Amino acid sequence: MKSFQAALRCVLALPLLVALTACGAVSSISSAGGAVAPKINLAGDAKTPLQIQLTNWVRRAKPQIYVKPSHSPDKAPTALFVPLRVTQEIRDPVSVSRNLSRTVWQAWLSLKTFAVLEFAGDAQPYNPERALALGRKKGADLVVGGYITHYLDGGHTGASEVSISLEVWETATGTLLWSLAQGGLLEYQSYHDFYLVSLRTRQPMDPPALILYTLAIECGRPVAAWANGGEQETSGFFDPKAF
(Lines give C-alpha, C1' and ligand atoms only; values in the text may rest on other atoms or scores of the structure.)
Protein backbone atom coordinates (compact mmCIF):
# COMPACT_ATOMS: atom_id res chain seq x y z
CA MET A 1 0.00 0.00 0.00
CA LYS A 2 2.82 2.42 0.91
CA SER A 3 4.66 1.65 -2.32
CA PHE A 4 1.46 2.31 -4.28
CA GLN A 5 1.00 5.70 -2.61
CA ALA A 6 4.61 6.64 -3.32
CA ALA A 7 4.23 5.65 -6.96
CA LEU A 8 0.97 7.62 -7.21
CA ARG A 9 2.70 10.73 -5.85
CA CYS A 10 5.42 10.44 -8.50
CA VAL A 11 2.91 10.04 -11.31
CA LEU A 12 0.78 12.99 -10.16
CA ALA A 13 3.81 15.22 -9.60
CA LEU A 14 5.35 14.52 -13.03
CA PRO A 15 3.27 17.14 -14.92
CA LEU A 16 4.25 19.78 -12.34
CA LEU A 17 7.93 18.91 -12.73
CA VAL A 18 7.66 19.06 -16.54
CA ALA A 19 5.97 22.48 -16.32
CA LEU A 20 8.67 23.82 -14.01
CA THR A 21 11.40 22.54 -16.30
CA ALA A 22 9.71 23.99 -19.39
CA CYS A 23 9.50 27.48 -17.88
CA GLY A 24 13.11 27.31 -16.71
CA ALA A 25 12.30 27.34 -13.00
CA VAL A 26 14.47 24.39 -12.05
CA SER A 27 17.57 25.56 -13.90
CA SER A 28 17.26 29.19 -12.81
CA ILE A 29 16.70 28.23 -9.19
CA SER A 30 19.70 25.92 -9.19
CA SER A 31 21.95 28.58 -10.70
CA ALA A 32 20.86 31.04 -8.01
CA GLY A 33 22.57 28.93 -5.38
CA GLY A 34 19.51 29.00 -3.14
CA ALA A 35 20.32 32.53 -1.93
CA VAL A 36 16.86 34.02 -2.37
CA ALA A 37 14.91 31.98 -4.88
CA PRO A 38 13.34 28.63 -3.96
CA LYS A 39 15.42 25.52 -4.45
CA ILE A 40 13.58 22.57 -6.01
CA ASN A 41 14.82 18.96 -5.90
CA LEU A 42 13.39 15.49 -6.42
CA ALA A 43 13.00 13.56 -3.18
CA GLY A 44 15.38 10.63 -2.87
CA ASP A 45 12.87 8.28 -1.32
CA ALA A 46 10.05 9.06 -3.78
CA LYS A 47 7.61 9.70 -0.94
CA THR A 48 7.53 13.38 -1.82
CA PRO A 49 8.48 13.87 -5.50
CA LEU A 50 9.08 17.61 -5.21
CA GLN A 51 10.76 19.40 -2.31
CA ILE A 52 10.74 23.20 -2.32
CA GLN A 53 13.14 25.07 -0.09
CA LEU A 54 13.01 28.84 0.18
CA THR A 55 14.36 31.58 2.40
CA ASN A 56 11.84 32.99 4.84
CA TRP A 57 10.58 36.53 4.18
CA VAL A 58 9.44 39.51 6.23
CA ARG A 59 5.70 40.03 6.55
CA ARG A 60 4.79 43.71 6.98
CA ALA A 61 2.35 46.42 6.02
CA LYS A 62 3.32 49.63 4.23
CA PRO A 63 5.09 52.29 6.32
CA GLN A 64 2.77 54.67 8.13
CA ILE A 65 3.70 58.30 7.37
CA TYR A 66 2.43 60.70 10.05
CA VAL A 67 4.38 63.83 9.11
CA LYS A 68 6.00 64.74 5.80
CA PRO A 69 7.22 68.01 4.23
CA SER A 70 5.28 69.77 1.49
CA HIS A 71 8.26 70.40 -0.80
CA SER A 72 11.77 69.08 -1.46
CA PRO A 73 14.94 70.95 -0.43
CA ASP A 74 16.87 73.00 -3.00
CA LYS A 75 19.89 70.72 -2.61
CA ALA A 76 20.55 67.33 -1.04
CA PRO A 77 20.93 67.95 2.72
CA THR A 78 23.49 66.55 5.12
CA ALA A 79 22.29 64.59 8.12
CA LEU A 80 23.40 63.15 11.45
CA PHE A 81 22.00 59.75 12.47
CA VAL A 82 21.56 59.33 16.23
CA PRO A 83 21.15 55.82 17.73
CA LEU A 84 17.51 54.83 18.10
CA ARG A 85 16.07 54.50 21.59
CA VAL A 86 14.77 51.06 22.64
CA THR A 87 11.53 51.69 24.51
CA GLN A 88 10.88 48.22 25.93
CA GLU A 89 12.53 46.53 28.89
CA ILE A 90 15.66 44.84 27.57
CA ARG A 91 19.11 43.89 28.84
CA ASP A 92 21.85 46.44 27.99
CA PRO A 93 19.56 48.72 25.92
CA VAL A 94 22.38 51.13 24.96
CA SER A 95 24.48 48.43 23.26
CA VAL A 96 21.40 46.94 21.61
CA SER A 97 20.40 50.40 20.42
CA ARG A 98 23.76 51.08 18.78
CA ASN A 99 23.98 47.69 17.09
CA LEU A 100 20.45 47.81 15.70
CA SER A 101 20.71 51.48 14.74
CA ARG A 102 23.78 50.77 12.63
CA THR A 103 21.65 48.45 10.49
CA VAL A 104 19.14 51.25 9.83
CA TRP A 105 21.94 53.72 9.11
CA GLN A 106 23.57 51.30 6.63
CA ALA A 107 20.25 50.78 4.89
CA TRP A 108 19.79 54.54 4.43
CA LEU A 109 23.38 54.79 3.20
CA SER A 110 22.59 52.20 0.53
CA LEU A 111 19.64 54.34 -0.59
CA LYS A 112 21.93 57.42 -0.80
CA THR A 113 19.27 59.19 1.21
CA PHE A 114 21.32 62.32 1.94
CA ALA A 115 24.46 63.98 0.61
CA VAL A 116 26.17 63.02 3.87
CA LEU A 117 24.82 60.73 6.58
CA GLU A 118 27.08 60.51 9.62
CA PHE A 119 26.46 57.96 12.35
CA ALA A 120 26.86 59.38 15.86
CA GLY A 121 28.03 56.12 17.37
CA ASP A 122 29.12 57.68 20.66
CA ALA A 123 25.88 59.59 21.20
CA GLN A 124 23.29 58.55 23.75
CA PRO A 125 20.05 56.95 22.50
CA TYR A 126 17.68 59.31 20.76
CA ASN A 127 16.24 62.31 22.51
CA PRO A 128 14.92 65.03 20.14
CA GLU A 129 16.30 68.05 21.99
CA ARG A 130 19.68 66.47 22.62
CA ALA A 131 19.87 65.19 19.03
CA LEU A 132 19.09 68.64 17.60
CA ALA A 133 21.79 70.23 19.76
CA LEU A 134 24.32 67.66 18.57
CA GLY A 135 23.25 68.13 14.96
CA ARG A 136 23.78 71.89 15.17
CA LYS A 137 27.18 71.35 16.77
CA LYS A 138 28.18 69.01 13.93
CA GLY A 139 26.86 71.43 11.29
CA ALA A 140 24.31 68.96 9.89
CA ASP A 141 21.20 70.18 8.07
CA LEU A 142 19.07 67.37 9.48
CA VAL A 143 18.98 64.97 12.40
CA VAL A 144 17.63 61.42 12.06
CA GLY A 145 16.54 59.45 15.10
CA GLY A 146 13.64 57.49 16.46
CA TYR A 147 12.61 54.50 18.51
CA ILE A 148 12.64 50.72 18.43
CA THR A 149 9.22 50.20 19.94
CA HIS A 150 9.14 46.40 19.80
CA TYR A 151 11.93 43.83 19.55
CA LEU A 152 11.68 40.05 19.73
CA ASP A 153 14.52 37.77 18.64
CA GLY A 154 13.15 34.30 18.02
CA GLY A 155 16.42 33.01 16.58
CA HIS A 156 16.06 29.94 14.37
CA THR A 157 13.36 28.26 16.45
CA GLY A 158 10.70 30.95 16.85
CA ALA A 159 9.12 34.03 15.35
CA SER A 160 11.00 37.35 15.33
CA GLU A 161 9.31 40.77 15.43
CA VAL A 162 10.59 44.35 15.13
CA SER A 163 8.73 47.69 15.10
CA ILE A 164 10.38 51.06 14.55
CA SER A 165 9.45 54.73 14.52
CA LEU A 166 11.75 57.16 12.66
CA GLU A 167 11.92 60.96 12.76
CA VAL A 168 13.79 63.53 10.68
CA TRP A 169 14.29 67.03 12.12
CA GLU A 170 15.57 70.25 10.55
CA THR A 171 18.35 71.54 12.80
CA ALA A 172 18.07 75.24 11.84
CA THR A 173 14.41 75.59 12.79
CA GLY A 174 13.79 72.58 15.04
CA THR A 175 10.95 71.50 12.73
CA LEU A 176 9.85 67.88 12.52
CA LEU A 177 9.93 67.08 8.78
CA TRP A 178 9.28 63.34 8.74
CA SER A 179 7.63 60.89 11.11
CA LEU A 180 7.26 57.28 9.96
CA ALA A 181 6.56 53.93 11.59
CA GLN A 182 6.48 50.32 10.46
CA GLY A 183 6.58 46.83 11.93
CA GLY A 184 7.61 43.45 10.55
CA LEU A 185 7.32 39.78 11.43
CA LEU A 186 9.43 36.79 10.43
CA GLU A 187 7.33 33.75 11.22
CA TYR A 188 8.88 30.44 12.16
CA GLN A 189 7.88 27.89 9.55
CA SER A 190 9.96 24.79 9.10
CA TYR A 191 8.17 22.08 7.14
CA HIS A 192 4.84 21.56 5.39
CA ASP A 193 3.78 18.44 3.48
CA PHE A 194 1.17 18.96 0.74
CA TYR A 195 1.21 15.32 -0.42
CA LEU A 196 2.78 16.00 -3.82
CA VAL A 197 4.99 18.84 -2.69
CA SER A 198 6.83 19.52 0.56
CA LEU A 199 7.77 23.06 1.54
CA ARG A 200 10.71 23.81 3.82
CA THR A 201 11.71 27.35 4.79
CA ARG A 202 15.16 28.47 5.88
CA GLN A 203 15.61 31.09 8.56
CA PRO A 204 18.17 33.85 7.82
CA MET A 205 21.33 34.02 9.91
CA ASP A 206 20.03 37.03 11.89
CA PRO A 207 16.21 37.30 11.64
CA PRO A 208 15.81 40.63 13.56
CA ALA A 209 18.53 42.25 11.43
CA LEU A 210 16.75 41.19 8.23
CA ILE A 211 13.45 42.60 9.53
CA LEU A 212 15.08 45.85 10.60
CA TYR A 213 16.93 46.29 7.30
CA THR A 214 13.73 45.65 5.34
CA LEU A 215 11.79 48.19 7.40
CA ALA A 216 14.61 50.75 7.13
CA ILE A 217 14.67 50.44 3.34
CA GLU A 218 10.91 50.87 2.99
CA CYS A 219 10.80 53.81 5.40
CA GLY A 220 13.84 55.35 3.76
CA ARG A 221 12.55 55.35 0.19
CA PRO A 222 10.09 58.26 0.50
CA VAL A 223 12.66 60.25 2.49
CA ALA A 224 15.33 59.59 -0.15
CA ALA A 225 12.94 60.62 -2.92
CA TRP A 226 12.19 63.86 -1.08
CA ALA A 227 15.82 64.65 -0.27
CA ASN A 228 16.92 64.07 -3.86
CA GLY A 229 14.24 66.18 -5.49
CA GLY A 230 11.87 63.33 -6.26
CA GLU A 231 14.42 60.99 -7.82
CA GLN A 232 14.21 57.78 -5.85
CA GLU A 233 17.21 55.52 -5.48
CA THR A 234 16.16 51.93 -6.26
CA SER A 235 18.08 49.59 -3.98
CA GLY A 236 16.89 46.10 -3.14
CA PHE A 237 16.06 44.84 0.34
CA PHE A 238 19.24 42.79 0.38
CA ASP A 239 21.70 45.31 -1.07
CA PRO A 240 25.14 43.97 -0.02
CA LYS A 241 26.51 47.52 0.35
CA ALA A 242 24.78 47.77 3.72
CA PHE A 243 26.58 44.80 5.27
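How many aromatic pairs does the count come to? It comes to five, going by a rule that pairs rings of Phe, Tyr and Trp (its six-membered ring) if their centres lie within 6.5 Å. Planes under 30 degrees apart count as stacked, over 60 as edge-to-face, and the rest as tilted.

A quick word before the views. This is a predicted model, where local features need pLDDT of at least 70 and side-chain atom pairs count only at pLDDT 80 or more, while totals for chains, interfaces and linings use all residues. Residues are numbered from 1 along each chain as its sequence is written, and side-chain values use heavy atoms, with hydrogens and water left out.

**View 1. The whole chain, to get your bearings.** You're looking at five helices and 12 strands; these are DSSP runs numbered from the N terminus, with helices (H or I) of at least four residues and strands (E) of at least two. Of the 243 residues, 41% count as buried, where buried means under 20% relative accessible area, exposed means over 50%, and partly exposed is in between (1.4 Å probe, protein chains only). Take the contacts (heavy atoms within 4.5 Å) with a separation of 6 or more: 69% of them come from residues 24 or more positions apart. The accessible surface comes to about 12,800 Å², and carbon and sulfur atoms own 57% of that; areas come from the Shrake-Rupley method with a 1.4 Å probe, and for residues only the protein chains shown count as cover.

View 2. Trp-108 and Phe-114 make a tilted pair, 6.1 Å centre to centre with 55° between the planes. Both Trp-108 and Phe-114 are buried. Tyr-126 and Tyr-147 have ring centres 5.3 Å apart and planes at 75°, so this pair is edge-to-face. Tyr-126 sits in the loop between strand S7 (116-119) and helix H4 (128-138), and Tyr-147 sits in strand S8 (residues 142-152), so the pair ties together parts that are 21 residues apart in sequence. Tyr-126 is buried at 1% relative accessibility, whereas Tyr-147, at 21%, is partly exposed. Elsewhere, ring pairs link Phe-81, Trp-105 and Phe-119 into a cluster.

View 3. (The expected span is 1.5 Å times one less than the number of residues.) Its buried residues include Val-96, Leu-100, Val-104, Trp-105 and Trp-108. What do the buried residues of H3 pack against? They pack against strand S5 (78-81), strand S6 (85-86), S7, S8, strand S9 (160-170) and helix H5 (207-227). Just after H3, Lys-112 takes a positive phi of about 55°.

View 4. Ser-101 lies in H3 and is buried at 0% relative accessibility. Its side chain reaches the backbone oxygen of Ser-97 at 2.5 Å. Setting aside neighbours within four places in sequence, Ser-101 is in contact with Phe-81, Pro-83, Leu-84 and Phe-119. Thr-103, also found in H3, is buried with a relative accessible area of 13%. Not counting residues up to four places away in sequence, Thr-103 touches Ala-209, Leu-212 and Tyr-213.

**View 5. Strand S5 and its partners.** Two strands pair if DSSP finds at least two bridges between them. S5 pairs with S7 in the parallel sense over four bridges, and Leu-80 stands opposite Glu-118 in S7. S5 also runs parallel to S8, joined by three bridges, with Phe-81 opposite Val-144 in S8. Side chains in a regular strand alternate between the two faces of the sheet. In S7, the covered face has Leu-117 and Phe-119, and the uncovered one has Val-116 and Glu-118.

**View 6. Ala-123 in its loop.** Where is the place of Ala-123? Ala-123 is in the loop between S7 and H4, and it is buried, with a relative accessible area of 12%. Pro-83 is 40 residues away along the chain, yet the C-alpha atoms of Ala-123 and Pro-83 are separated by 7.0 Å. Leaving aside neighbours within four places in sequence, Ala-123 is in contact with Val-82, Pro-83, Arg-98 and Leu-134.

Key. A polar contact is a pair of N or O atoms within 3.5 Å; within protein, one must be able to donate a hydrogen and the other to accept it, and residues adjacent in sequence count only if both atoms are side-chain atoms.
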